[in-house]
Amino acid sequence: MDLILDGILQALRLVAHLDSEVLAVTLLSLKISCSATMISLLLGIPAGTLLALATFPGRRLVVSLINTGMGLPPVVVGLFVTIFLWRNGPLGFLEILYTPSAMVLAQSVIATPIVAGITIASIQNLPANLKLQVLALGATRLQMVWILVREARLPLLAAVMAGFGGVISEVGASIMVGGNIKGQTRVLTTATVMETGKGNFDVAIALSLILLTLAFGVNYLLTVIQQRERPR
Amino acid sequence: MTTKQIQMRIMTRAVLILALVWGTVVWAAPKTIILATTTSTQDSGLLDVLVPQFEKESGYVVKTISVGSGQAMKMGEKGEADVLLVHSPEAEKKFMAEGYGITRRLVMHNDFIIVGPAADPAKIKGVTVASAMKQIAQSGAIFISRGDNSGTHAKEKGLWKAAGITPDGQKWYQQTGAGMGQSLNVAAEKKSYILTDRATYLALKKNLGLSILNEGDSKLLNIYHVIELNPVKSPKIHSAGGKAFADFMISRKAQDSIKGFGVEKYGAPLFFPDAGKNPASLGL
């Protein structure tokens, strides 16, 4: 019990003193995970919308693959991204292994299926006749897609939250492709693993609390936006 | 303003902020070298002192990847690192013989110790390390092994072999597959015996509740070498950077830092500088 109290006190102390190292680690976590979430939105929403509306042979298979991808284990992603990014790997010429860019890449791979999967579900949940109505009113196909995406914006915000939540909290991929390098690729989750390994449980607890607060803050913001428009 | 407009504004701002954040994520910095090393040099905090000194002096940026010695050498073989700081002498000799390294220089040493619950159920205090291993096996007290091909794990396997014991598959023999710090935490929780380097133990001691039960045998020496990698094996190795780091590790300045590291905090040095010494003087 003492340990948890110590951890909370330590967290308050670190935050109150604006400890520069903790601040840098926190900002980097936020930067990397926000970037990855944004990339996953840019890829996942169009892909999900397309899959929800289009009909083609093998569509069910692709949707099943995406749904499986929603539970993609971060360590597996980490391992494959590492192998690809090795100096002698297929993408070695990029020279981004052990940099934040590599972490953004790995986290995007984790978040994109999550966003795409929720997008498919949200678009398909719209009233079946909506599509026909919109077309009957003279919209072009592109306008129709835009209107459907707009109609699904509330559940799509859930996709943003799930994607962000998935990447800000993962450690397996970050530690493999980032290497937990001090001042370069150390983020909240990898720092927590390291401090636990070092036996600095109070610092580890402090970092965890900061991570939780951060995740809560971002989700609270998104929820406020989402619930503002809740159908009453 | 309607709700819709407010919402649009919030959305545009959110996109702008995200774009800014994305723009500031740094891309690969120039002049970086990759140091593959053991968990003990990281978990003890030594590299947090040495790496910034080297970076300031040389202008290189070091990416420290702290893994077991076995994995560090694998990275070296594949050309995925530029310099190694490792402590697994037998494996290192093989590594050099196969031509993966160009120089291998003595940096420092400390020693391995066997720690465990103060009650010492296997009564290993004061006996030779070979008897200690035998007694642990006979008593059936839990022994935690790193099991990760690290330098410490290699040393441990050597000690079992020397004692004529095959621990694999025994109920009392449990492998964590984790770093030194993590494994010590597991051993503390299970009140079991474990082989550890002294530096990591001293750095973590306060939370462990494990005591030093066997130490001092010459077989327990823990020796660290810095290895420059052979660019012929993999042309992508930054050999100039690797050489700069290796030279730094045996420089006066680094050796003094090693000597003083931890004295203030733990009352005793964690590592003993050895640059330029004849390995034979350490009993090798």
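Where in chain A is the place of A:Ala54? I looked this up first, in what is a predicted model. A:Ala54 sits in the loop that runs between helix 2 (20-53) and helix 3 (59-69) of chain A.

**Entry on A:Ala54.** I checked the exposure of this residue next. Its relative accessible area is 23%. Buried would require a value under 20%, so A:Ala54 counts as partly exposed. I also took a distance from A:Ala54 to A:Leu12, which is 42 residues away along the chain. Their C-alpha atoms are 52 Å apart.

**Entry on chain A as a whole.** I listed the secondary structure and found eleven helices and zero strands in chain A. The pattern along the sequence reads α-α-α-α-α-α-α-α-α-α-α. I then noted the extent of the C-alpha trace, about 65 × 50 × 25 Å along its principal axes. Chain A has 232 residues, and 49% of them count as buried.

**Entry on helices 5 and 8 of chain A.** I looked up how helix 5 (residues 100-124) and helix 8 (residues 153-168) of chain A are placed. Their axes come within 9 Å and cross at roughly 160°. An angle over 145 degrees counts as roughly antiparallel, so helix 5 and helix 8 of chain A are roughly antiparallel to each other. The crossing of these two helices of chain A is right-handed. On the helix 5 side of chain A, the residues making the contact include A:Ile110, A:Ala111, A:Ile114 and A:Ile118. On the helix 8 side of chain A, they include A:Leu156, A:Ala159, A:Gly163 and A:Val167.

**Entry on chain B as a whole.** I turned to chain B and found twelve helices and ten strands. Chain B has 284 residues, of which 49% count as buried. The accessible surface of chain B is about 12900 Å², and 57% of that belongs to carbon and sulfur atoms. Among contacts in chain B with a separation of 6 or more, residues 24 or more positions apart account for 73%.

**Entry on B:Ala72.** Is B:Ala72 buried or exposed? I found a relative accessible area of 0%, so B:Ala72 is buried. B:Ala72 lies in helix 4 (residues 69-77) of chain B. Leaving out residues up to four places away in sequence, I listed its contacts as B:Ala36, B:Thr37, B:Val67, B:Leu84 and B:Val86. I also took the C-alpha separation between B:Ala72 and B:Val83, eleven residues apart along the chain, and it is 9.4 Å.

**Entry on helices 3 and 11 of chain B.** I looked at one helix pair in this chain too. Helix 3 (residues 46-58) and helix 11 (residues 252-260) of chain B pack at about 160°, and their axes are 10 Å apart. That angle makes helix 3 of chain B roughly antiparallel to helix 11 of chain B. I noted a right-handed crossing for helix 3 and helix 11 of chain B. From helix 3 of chain B, B:Leu46, B:Leu50, B:Gln53 and B:Glu57 meet B:Lys253, B:Ala254, B:Ser257 and B:Ile258 of helix 11 of chain B. I sorted the residues of this contact between helix 3 and helix 11 of chain B into four nonpolar, two polar and two charged.

Conventions:
Residues are numbered from 1 along each chain as its sequence is written. Chains are lettered from A and ligands numbered from 1 in the order in which they are written. This is a predicted model: local features need pLDDT of at least 70, side-chain atom pairs count only at pLDDT 80 or more; totals for chains, interfaces and linings use all residues. Side-chain values use heavy atoms; hydrogens and water are left out. Axes are lines fitted to C-alpha atoms, for helices over the stretch in contact, and angles run from 0 to 180 degrees between N-to-C directions. Helices (H or I, at least four residues) and strands (E, at least two) are DSSP runs, numbered from the N terminus. Angles under 35 degrees count as roughly parallel, over 145 as roughly antiparallel, 65 to 115 as roughly perpendicular and the rest as oblique. A crossing is left-handed if the near helix is turned anticlockwise from the far one by less than a right angle, and right-handed if clockwise. Contact means heavy atoms within 4.5 Å. Buried means under 20% relative accessible area, exposed over 50%, partly exposed in between (1.4 Å probe, protein chains only). Accessible areas come from the Shrake-Rupley method with a 1.4 Å probe; for residues, only the protein chains shown count as cover. Ala, Val, Leu, Ile, Met, Phe, Trp, Tyr, Cys and Pro count as nonpolar, Asp, Glu, Lys and Arg as charged, and the others, Gly among them, as polar.
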